[in-house]
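Here is a short report on one strand and its surroundings. Please have the structure open as you read.

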Amino acid sequence: MVGNVLMQTDLGAVFPLVTRGKVRDLYEVDDSTLLFVTTDRISAYDVIMGNGIPNKGSLLCLMTTHWIKILSEAIPGLQTHFITLDLPSQIPTNAREQYQNRCMQVRKLEIFKIEAIVRGYITGSAWSSYNKDGTVCGIKIQPGLRESEAFPQGPLYTPSTKAEQGAHDENIHPDKAAEIVGAKYARSIEGLALSLYKHAAAFAYKRGIIIADTKFEFGLDKETDQVVLVDEVLTPDSSRFWPADTYTVGEAQSSFDKQHLRDWLVGQGLKGKEGVEIPDEVVAKTEEKYREACERLTGRK
């Protein structure tokens, strides 16, 4: 813990460390339970920055649990890996404060090796691909769309591979996703991802946020053969959030995510560089955007 920024966890004396991701550290609580710890690390262009964003981990964790509650009410029968925000009793008393509200106990499941991306609006890499050959992830899109416009046929399911840390995810056609996970599970994942996005987009729009696109991940409950929603859900790290009141078709949008950091990196010629220290003003602006998104969506300050 540096100041009020948690860059790396240290629970190895309590639980076996399973893996460290770009943002989350995973520990094994028991044979059927994992502890997801959301740090304040931040990555951009697949590189972890040298310093973090204060309170980012707790904001992401609270947003995820809020969305799980909202979506579980909206979609009857939705299965998620979430168990509780309560800390395991084995965590020492002197460590509990720094881990409170940034940990989720979750079910241990087999994770599907694809990421389920849903795009409601044409932006980012989708816009670049469309300008190049009129397609998005190999899917032909009608001509004449403008940047940031909603897809006229409705949200688009565009999966990607799930790369190992340090490697880049690759956008793939839904047919390729079916080859990776199997046709039956691919259909369930696509249907769930689109349903989750539509419910979430409607909920967020009423609160002044457009969800331009987002990424879901899913696992398999082998005992029931059910597809289960896992990992973070609809946070600024996994989604592109735009303020609805300034939305304008035909141009790039401001956002409630780490776009401010990305813009700074590009402007400084630091895109993709390791060990970059983010200046205080960029840290403060990024925290402000994450906090505003959380407050708008959850109604909590």
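## A buried strand

In this predicted model, let's begin with strand 3, residues 33-38. Six of its six residues are buried, so strand 3 is largely enclosed by the rest of the structure. Buried here stands for under 20% relative accessible area.

Which way do the side chains of strand 3 point? Thr-33, Leu-35 and Val-37 point one way, while Leu-34, Phe-36 and Thr-38 point the other way, and all of them are buried.

## Partners on either side

Take strand 2 (residues 24-30) to start with: strand 2 and strand 3 run antiparallel and are joined by six bridges.

Now zoom out to the open sheet, which has five strands in the order 1-2-3-7-6 with antiparallel pairing. Its edge strands, strand 1 (17-20) and strand 6 (82-84), each pair on one side only. From one strand to the next, the twist averages 30°.

What lies across strand 2, strand 3, strand 6 and strand 7? That is helix 1 (residues 56-74), which runs at about 45° to strand 7.

Note on methods:
Residues numbered from 1 in each chain as written. Predicted model: local features only at pLDDT ≥ 70, side-chain atom pairs only at ≥ 80, totals over all residues. Heavy atoms only, no water. Buried < 20%, exposed > 50% of the residue type's maximum accessible area, 1.4 Å probe, protein only. Helix = DSSP H or I, 4+ residues; strand = E, 2+ residues; numbered from the N terminus. Pairing = 2+ DSSP bridges. Axes fitted to C-alpha atoms, helices over the stretch in contact; angles between N-to-C directions. Contact = heavy atoms within 4.5 Å.
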